[in-house]
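This report looks at charged side-chain pairs. Please keep the sequence and the 3D view open as you read.

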Amino acid sequence: MFDHMLVLVNIEKDNSAAIERAILLANKGRTEVTLLSLVYNRSLDVDYLFNEEGKYKAHEGYTAQCKRKLLPLQHQLSDAGIDAHIEVLWSKHKHQDIITYLNQSDFDLVVKTIREHTFIQKVFYSHNEWHLIRESQHPLLMVNPNARYPESPTITAAVDPVHSHDKPAHLDHLLVHESLHLAKHLGGDIAIFHSYDPIPPSLLTDVDSVSYQDLSDSIRQRHQLAFQDFMKRYPIDADRTWLQEGDIYETLPETLKTHQSPMVVMGAVSRSQIDQWLIGSTAERLLEVVGTDIFILKPKPPVDSV
């Protein structure tokens, strides 16, 4: 499925789910996996503040110790027939260093476990999950440790055929094609999901009941027609095309749970720093509520015609 995967691991946390996904998506005998851990110990900087040589040796010793802790993960991958190696890098600013590392690499998939954060942490701290979604152009698999894969899993592509979230049109097709590849590799099938927002309740005070109903019907029809037109390109059974009215942060988790789909494939587009702060992105917010793995793709840059 993938030739070169990067699995981001944390020596202080449980990494078993991320390793299981790497094994699940690997091509035995062909896939190479890099286990990357970025580590930092403040005391080693403070204690050797005026001793650069001692600080360098302390950093080397600490990273070597961390690398030994990851050997069982490497052995687990090797036992599954996967070529794996470990990289441990000293990093004071992890989210920046991860992006720099990725920009210098050719991985075709980055795997990371979703970590739970408190509300205060979400508001005041920067976390690697958010920076990966915003800044990395690599395909990302955000692993939910609670997701369970049946023998024939349903991979769900979350599309937006009316492009109401400013996603380019070709991204939806990229999501479906990737979902088809994943489903084929896993011996499962795919479903296609789209959710649209109804008229905000605040409009009820601004329009009469007849106008409201007409407007609501018009919005519903627009999404139905766009979804039906999109689905004409794909021979997928009707019972696996899911069109829902409502907030996607409610409809998507409930749909995935109802149909026992362990993975949703969705897109993310780059936004300005102001937009990120004010509204974030769908993929980022769904990390907090979806109880499944999230496979995230970015739109490919357009190729100039010759």
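Arg220 and Glu245 form a salt bridge, with 3.5 Å between the closest N and O atoms. Arg220 sits in helix α9 (residues 209-231) and Glu245 in strand β8 (residues 241-245), so this pair ties together parts that are 25 residues apart in sequence. Arg220 is partly exposed, at 24% relative accessible area. Glu245 is partly exposed too, at 38%.

The model is predicted. In total, seven salt bridges are counted in it. Side chains of opposite charge can pair when their charged atoms come close.

A second pair lies within a helix. Glu53 and Lys57 are joined by a salt bridge of 3.5 Å, N to O. Both residues belong to helix α3 (residues 52-69). They are four residues apart, about one turn of the helix. Glu53 counts as exposed because its relative accessibility, 54%, is over 50%. Lys57, at 52%, is exposed as well.

Then comes Arg21. Its salt bridge partner is Glu20, and the closest N and O atoms are 3.8 Å apart. Buried or exposed: which is Arg21? Arg21 is buried, because its relative accessibility of 4% falls under the 20% cut-off. Glu20 is partly exposed, at 46%. Glu20 and Arg21 also belong to a network of salt bridges that includes Asp293.

| Salt bridge | Closest N to O distance |
|---|---|
| Arg220 and Glu245 | 3.5 Å |
| Arg21 and Glu20 | 3.8 Å |

How values were computed:
Residues are numbered from 1 along each chain as its sequence is written. This is a predicted model: local features need pLDDT of at least 70, side-chain atom pairs count only at pLDDT 80 or more; totals for chains, interfaces and linings use all residues. Side-chain values use heavy atoms; hydrogens and water are left out. A salt bridge is a side-chain nitrogen of Lys or Arg within 4 Å of a carboxyl oxygen of Asp or Glu. Buried means under 20% relative accessible area, exposed over 50%, partly exposed in between (1.4 Å probe, protein chains only). Helices (H or I, at least four residues) and strands (E, at least two) are DSSP runs, numbered from the N terminus.
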